[in-house]
Amino acid sequence: MSTEEHVWRAHVVRRLRERNRKECDNFKEIIEQNNRLIDHVAQLKADNLKLSVENEQLRSAVSTGGTGSNVAIATLEKKLLAQQEELTELHKRKGENSQLIVDLNLKVEQQRTIIAEKEHSLAEQQTNNNRLRAEVQLLHSSLEELKKLNNTMLDEHTALQLAFSSLEDKLRGVQDENRCLLDRLMRYKSKDADKLNEENESIIRKRSAKLKRDLEDAVREPSSSTNISPTPGPTPIQRNSTSPAQFVGGIIGGDDDFDEATINGAMEAIGLDDNEYISARFTAGEVTENTRASIDALKATGYLGQANPTKILMKFEAHENESHAVRWSPVERMVATGGADRKVKLWDIGKNSTEPRAVLSGSSAGINSVDFDSTGAYILGTSNDYGARVWTVMDNRLRHTLTGHSGKVMAAKYVQEPIKVVTGSHDRTLKIWDLRSIACIETKFAGSSCNDLVTTDSLGSTIISGHYDKKIRFWDIRTEKQADDVLMPAKITSLDLSKDCNYLICSVRDDTIKLLDLRKNQVISTFTNEHFKISCDFARASFNSSGLKIACGSADGAIYIWNVNGFLEATLKGHRWEEDKNKNRVKPNTAVNAVSWSPNNNMLASVGKHKRCIIYSDS
């Protein structure tokens, strides 16, 4: 630091000397001329004094007489006048030079002030320079520490990855062991059920034998033949279709102690519905494993509600790689799908065509969701490229591109259609867009990544969004207020509303589906199964058109269908297997990502990780 300070001081002294030299050179000639003028004035004063003396002498001589002296006097007077004029001019020039010297002195003072300010500024800059150098040194040391820390973190990350791989292997081993234990448990349960069935059959046989003996004893008594009267029984309850008592009784051969009317009357008295009755008899061991197929047939034919779409109507390769989204048109037998190949495709199911009706392009990353407006004229798609797009179905043209999110956009719905659109993104915000100006008119900050959203009606007065932080949030677009959140046990992958907007289903990453009553903002039912696993963070569940059934795809390639009472009605396994070129069955990456019920008929569309789209029908 001492060497640098010495260099700076030498530099300042050199600059000051150069400045003084330049300023003195400009005024040196004026100063010398002023000095000469002062000397000249002094000389003229001396000459003037001498002339005055001579003039007095001449005057005294004139007063004494003489003509020659008059001429000399006249000449001297002229000379004196000239000298006086010259003296006056010199005094004038002296005044001007004095004023110039005063002005130059003022300028010199100003320059000195400026130099002082510059020196002060230079000292400050020197101080700042020293401080900045110290900061640079500190930053260099911090950078070195961060590099060392980064290397340490990389080593730790590598170690954690190895540990994670090891734990994954252990997890797979534990899962395999768990499956083996479950299989063993199921076998043991099956054996226990068989034993229970045998005991029940033995009891029934004993009861039948006892009843037969009692009847024989009654017949032998001669007086009883005339006194027996019909035993009054409960009045049978009329049902629109075959009752569970008839169905299950026909399967297992019936119980001699109870007739159909008695069973139906008991069901009405204790409030059991048909599903609960069948489940209760199966749990008690009266319905054996051999009757499960018959119960499944009962459900498939629609006894327990609307028939389930268990038959594969169409099967086709929807995208070049993984398929992410599927949605039915509200007015046509047409399905829209979106995939990781950055395309939205329209499929005409009414014509059973395996070629796409249209391919909608414009996205630069994979499609996450698709949705139609209520008229089926526009289709809305969201993408991993941080944008959402609107196409027209009639001419397949890209109409609007909505960009402004800083994370991938997971869901979008129409609000006050076809004027506004709401989008939810992983940047933790919801944005409302005006399609007339193609601009974002409102941003709602959720604080967590949005995986899906729905709107309560065509006016979109309430927006419901599901988030990574396990919360369902309610937004009223008419006010700035936000309703109370509903907390789920794990992060939310999808939401869907019933047609009357009173019920909401929510698929949760803990492998359950929750049913909420929006009038109470409470969970009223939970749907799960031991084999059901949510396939990914954006897996979509769906209500059917009547709002009585729920469907969701699983990681094992199956689609599970529950009724809203909690009864698992069907399991569709079309995604589990496919045929190779040699017609051999192979097991692909089977996880089902999204399902969608048709709003106009009982058809179900599904897409998964293996490109394929499958359309199920009930006939």
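This is a short talk on one protein chain and a few of its residues.

Okay, let's start. What you see is a predicted model. So keep that in mind for each value.

First, the overall picture. The protein chain has seven helices and 30 strands. It holds 619 residues, and buried ones make up 36% of them. The accessible surface comes to about 36200 Å². Carbon and sulfur atoms own 52% of that surface. Now contacts. Take those in the chain with a separation of 6 or more: 49% of them join residues 24 or more positions apart.

Next, the helices. Helix H1 covers residues 2-64. Helix H2 covers residues 68-220.

Which residues gather in a patch of positive charge on the surface? Arg14, Arg15, Arg21 and Lys22. Look at Arg15. Arg15 sits in helix H1. Its relative accessibility is 51%, and exposed means over 50%, so Arg15 counts as exposed.

Over to helix H2. Leu146 is in this helix. Together with Leu149 and Met153, Leu146 forms a nonpolar patch on the surface. The three share about 300 Å² of accessible area. Leu146 has a relative accessible area of 53%, so Leu146 is exposed.

Stay in helix H2 for Asn97. Is Asn97 buried or exposed? Buried: the relative accessibility is 16%, and the cut-off for buried is under 20%. What does Asn97 touch, leaving aside its neighbours within four places in sequence? Asn34 and Leu37. 

Now the strands, and two loops with backbone angles to check. Most residues other than glycine have a negative phi. Here are two residues with a positive one.

Asn396 comes up with phi near 60 degrees. Where is Asn396? In the loop between strand S8, 387-392, and strand S9, 398-403. At 31% relative accessibility, Asn396 is partly exposed.

Then Asp511. Phi of Asp511 is near 70 degrees, again positive and again not a glycine. Asp511 lies in the loop between strand S19, 503-508, and strand S20, 512-517. Is Asp511 buried or exposed? Asp511 counts as buried, because its relative accessibility is 17%.

To recap. A positive patch includes Arg15. A nonpolar patch includes Leu146. Asn97 is buried in the model. And Asn396 has a positive phi, as does Asp511.

That's it from me. Thanks.

Terms used: Residues numbered from 1 in each chain as written. Predicted model: local features only at pLDDT ≥ 70, side-chain atom pairs only at ≥ 80, totals over all residues. Heavy atoms only, no water. Patch = residues over 30% accessible without salt bridge, like charges linked within 9 Å, V, L, I, M, F, W, Y side chains within 5 Å. Areas by Shrake-Rupley, 256 points an atom, 1.4 Å probe, with all protein chains shown as cover. Salt bridge = Lys/Arg side-chain N within 4 Å of Asp/Glu carboxyl O. Lys, Arg positive; Asp, Glu negative; His and termini not counted. Charge placed at Lys NZ, Arg CZ, Asp CG, Glu CD. Helix = DSSP H or I, 4+ residues; strand = E, 2+ residues; numbered from the N terminus. Buried < 20%, exposed > 50% of the residue type's maximum accessible area, 1.4 Å probe, protein only. Contact = heavy atoms within 4.5 Å.
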